[in-house]
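Here's a walk through one model, taken a piece at a time. Have the sequence and the coordinates open as you read.

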Amino acid sequence: MPRSFSILAVILICCPKVVCGVDAAARQFDETVAPILIQHCLECHSGTDPKGQLDLSSLKTTLAGGESGEAIVVGEPQMSLLWERVDGDEMPPKKPLADSDKMILQRWIQSGAKWGTDPLDSFRFTTNKRAGYDWWALQPVGDHPLPVVQNDSWVRNGIDHFVLEKLESSKLNPSSPADRRTLIRRLSFDLLGLPPTSDAVTAFENDGRPDAYERLVDQMLASPHYGARWARHWLDVARFGESQGFERDKIRENSWPYRDWVINALNVDLPYDEFSKRQIAGDVLYPNNSHAIIATGFLVAGPYDEVGQSQQSAAMKAVVRQDELEDIVSVVSQTFLSLTVNCARCHDHKFDPIRQREYYQMTASLDGVRHGSRDVQLMLDDGLAERLEAEIDDLRIELGELDKRVRLRINAAAVGDALPDAPLPRASWLFDTGLDDSVGQLHGSGEGNAKIANGSLVVDGKGSFVATTLLVDDLREKTLEAWVKLDDLDQRGGAVMSVVSLDGGLFDAIVFGEREPGRWMAGSDTFQRTQDVGGAVEADAKDRAVHVAIAYHSDGTIALYRDGKPYGTPYKSSGPLTFSAGKAKVVFGLRHFPPGGNRMLSGAIEAAHLYDRALTPIEIARSAAVKEAFIEAFNEAITPAEQKRRVAIQAEISKLATAIPRSKNLSIYAVKPRNPGVAHVLLRGNPATVGEPVAANGIESLVGLEADFGLLAEASDADRRRRLAEWITEPTNPLFARVIGNRLWHHHFGVGLVETPNDFGFNGGRPSHRELIDFLARELIHRNWSVKSLHRLIVTSATYRQSSRYVPASAAVDADNRLLWRKSPQRLEAESLRDTVLSVSGELNQQMGGPGYRDFETFTKNTQFYTMTDPVGPEFNRRSVYRTWLRSGRNRMLDVFDCPDPSTKTPKRAVTVTPLQALTLMNNSFVLRMSDRFADRLQSEVGDDVQDLVRRAYQLAYNRNPDEEESNDAVSFVAAHTLSDFCRVIINSNEFLHVD
């Protein structure tokens, strides 16, 4: 018998506590010894091929030792090779352990080497080589108090506290405020991507109101050019292109609606959580909303390997499909979470705590996503439609509150049986004109062929149903109530109304005919709370709407009612089920998710109520009888002023609904989902080596966020993407709000608080102001995810308003300005440069939306080829965001100024300085033509006086007048050359290219 095995056997027999330990010893190991082993040893001594064949990840492998012998002799540190190497500073090889850590290991071996968690989790702690579960970005967003600063008179808002505290601790001073001319130029390029007009500059400089700057900010945020500017930043991350890429690069004629959707969503300030949800799962969250379907263009905005997807080899097609899924997983995880989840495709992530299994869980969440074209009804003015629909929603809320007050008054005034004293529901759906909750916020959204007809919700039993928004309060004791007419009394198992968890695993429902033909029952998950009550067989519901109600009492009693009278015998279940806020919905026409099978109802639901308590038999009788009496009572209880306002609200809703732009049929490039099937872990990422099946889930290392979606591996695409979207946008997600806050900061300051906007992991940048990132995240959440509100907070800060003046002493301490002692100048991006040239020359075509202009010619010979051109005409002078963005057709001018390749994600653009840039601004045909137009504009506005021409050129290009020396030099230059040449010099100047 080998000596190592014999020692191990003796240890296992004589020292059982070494294996199982005692609770205190195990805790001590986990708290003191485990961190040392994980942080300093496991990198080399774990895995399939540990160094020296010594694996320290578990008790068994540790005691087994390695090729040099026993690593640990229990109770004898001096005889243990592990201690010998550590004590002699041989291990770890690059940086010996601290004396305190050595003492911990020595005492541990001496006291019996008792073990705790087994095996060790290498992801548990951050090391100098990788991030662990304790990595800063994975922790909950902190609510940090505003730092105390000395120069508090400089502070304008909370941002400045965090910035100034860092400056003061480094003995640096912030720069003086920028002048007004600098501020308006900075704001205009920052928020709009265009220079301000000279009139706007003059007006701002002369505006003496104390809030002049804040008014200017609000004015710019309200401009439609704001959306066009900031959409470009988002499209960079979304790898938006309008051709397929790969070898054929076929043009996509119908990709532009996604670009327009982003612009419009930003302009109407669609809350960022909703903005994100729609791009991940808009088609399943709002299947009848064309805008939401268009939003899913995000997932398929990248390249598509048409040749690879159509080849005959199933094995090669599987590889191509996995490559496509990696692209989709990477864009979702990096855009919304700044996690490189895709790096775990072939093995556990080398640097971040993400296991390979988790990569395939996220892949499973998106496995139903396919590229394709879909036909939608598109509003002719999407932005206007969004604004009008938002106004209608506000009016509906006001109407619901008004009606609620009248209902309370009716109930308070009811005497005896003169009027049925109907209880007030927590939510009510009348289905007269829509799917809205008339007293609360649980508004419905139709699926399949669900529709409103003749004052009822009609469902066909073939996939149509209505699901509401998430519950806003926990629901335990409750009553479900509905008036329903059935199409067929022989149907089995469909539900009129159900409260159901998001994964469909838990539900309470009014169900017809499932266990007993023709009878009503209280449906529940696997009949946990269901018993047959002995009610009569239904005979009338095909001819008229019958009233059905189920009361769930706190003691577990469940009572059914039909037409206000007890139905069968009440029974006592195991107790009421609690449906948590944000984790359940109300559905109509469906027993539980996923839709299909015998879970669907065929019939017409006239009205439904949800109560947050168990109604008494008298209350249910009154509610059943109230429908006709209530209308008369309502008309008597409402005051003339309320009636006038109610009529006005209804008229305004009708007016706004009529004003919503008409729609047109449109083919769009978006997600065209398929049945995803069951996903598996692929060993080493190889589709030919299939491992364990996995269900759609999130990433487990995000602290405070439940990663389990509660779905089966066979769940539908709709359920998977819906849960993924909800998981990503959950307010407790530690990354979601942090990431977008950092993106905004990056574009406002030229560098993010974390320098790598798409990577908050170990290989990404370290935060310069960690608490400030959390502050921005919390502000965004508290401001109801309003991105414009966060913009406003940033640009109104004293930090943003600093001058860009270079201070050598400050630069000596902080050369990269990471501490923000000034506002660093920024060079115009390629598109802003082109747009600015068009603007100052008077040639900018401000048309918004629709198919993009084309600066190329194309022909197809098996593959689609593109020849870049410089077309002339107003239709080609639109903002650059409206260019048709090809993957193999690069605009020469934009390309040389670092415009990114749309085939890849570009969270952070390169900013280079090359001779080609100067040559382009001197010789490019577009620049030459615009220089001529610039000169023509100057002459048309001020005549032929050269000094006036020069002054006007400076006003248009730089938003200032030239000084005397500049004026004299320019006049001399124009005399020696031409006005057009002078305009070209202006376009080539640093002041034109950079913004202070």
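## Thr363 and its contacts

Setting aside neighbours within four places in sequence, Thr363 touches Leu325 and Val329, where contact means heavy atoms within 4.5 Å. Thr363 sits in helix α17, residues 356-365. Helices here are DSSP runs of H or I with at least four residues, strands are runs of E with at least two, and both are numbered from the N terminus. With 3% relative accessibility, Thr363 counts as buried; that label means under 20% relative accessible area, exposed means over 50%, and partly exposed is in between, using a 1.4 Å probe and protein chains only.

A quick word on ground rules: this is a predicted model, so local features need pLDDT of at least 70 and side-chain atom pairs count only at pLDDT 80 or more, while totals for chains, interfaces and linings use all residues. Residues are numbered from 1 along each chain as its sequence is written, and side-chain values use heavy atoms, with hydrogens and water left out.

## Val586 in its strand

Val586 belongs to strand β15, which covers residues 584-588. Is Val586 buried or exposed? It's buried, at 0% relative accessibility. Beyond its neighbours within four places in sequence, Val586 has contacts that include Trp429, Leu442, Val466, Met497 and Leu610. For a sense of scale, Val586 and Arg27 are 559 residues apart in sequence and 45 Å apart in space, C-alpha to C-alpha.

Helix α3 takes in residues 23-40, 18 residues in total, and reaches 25 Å from its first C-alpha to its last. That's close to the expected 26 Å, the expected span being 1.5 Å times one less than the number of residues. Where does α3 kink? At Val33, by about 45°, shortly before the proline Pro35; the bend is the angle between axes fitted to the seven residues ending at a position and the seven starting there.

Val33 and Pro35 are both among the buried residues of α3, as are Ala25, Phe29 and Ile36. The buried residues of α3 pack against α6, residues 99-110.

## One face of α28

Helix α28 spans residues 915-923, and its buried residues are Gln917, Thr920 and Leu921. Seen down the axis of α28, these fall within an arc of 90°, so they line one face of the helix; the arc is taken from the directions from the helix axis to the C-beta atoms. As a reminder, an α-helix has 3.6 residues a turn, so residues three or four places apart point the same way.

The face of α28 turned away from the buried side carries the exposed residues Pro915 and Leu916. On the buried side, the packing partners include β20 (826-827), α26 (830-840), α29 (925-942) and α32 (979-988).

## Cavities and a pocket

A search of the whole structure turns up seven cavities of 30 Å³ or more. The largest cavity has a volume of about 200 Å³. Of the 17 residues lining the largest cavity, Trp230, Trp234, Leu266, Ile740 and Leu744 are the closest to its centre. Helix α11 gives the most to that lining, with five residues. The search runs on a 1 Å grid over the protein atoms alone: a cavity is a set of points where a 1.4 Å probe fits but cannot get out, a pocket is an open set with protein on both sides within 12 Å along at least five of seven lines, and lining residues have an atom within 4 Å of a point. Grid points are joined across faces, edges and corners, and a volume is the space filled by probe spheres set on the points.

The second largest pocket holds about 1,500 Å³ of space. It is lined by 49 residues, with Cys41, Leu42, Glu43, Cys44 and His45 nearest its centre. Helix α5 gives the most to this lining, with four residues, and α3 is one of the helices supplying at least two.

Most residues other than glycine have a negative phi, and most peptide bonds are trans. A cis bond joins Met91 and Pro92, with omega about -10°, and Pro92 lies in the loop between α5 (81-87) and α6. The bond from Asp118 to Pro119 is also cis, with omega near 0°.

Asn784 has a positive phi near 60° and is exposed, with a relative accessible area of 59%. Asp898 has a positive phi near 70°, but is buried at 14%; Asp898 is in the loop between α27 and α28.
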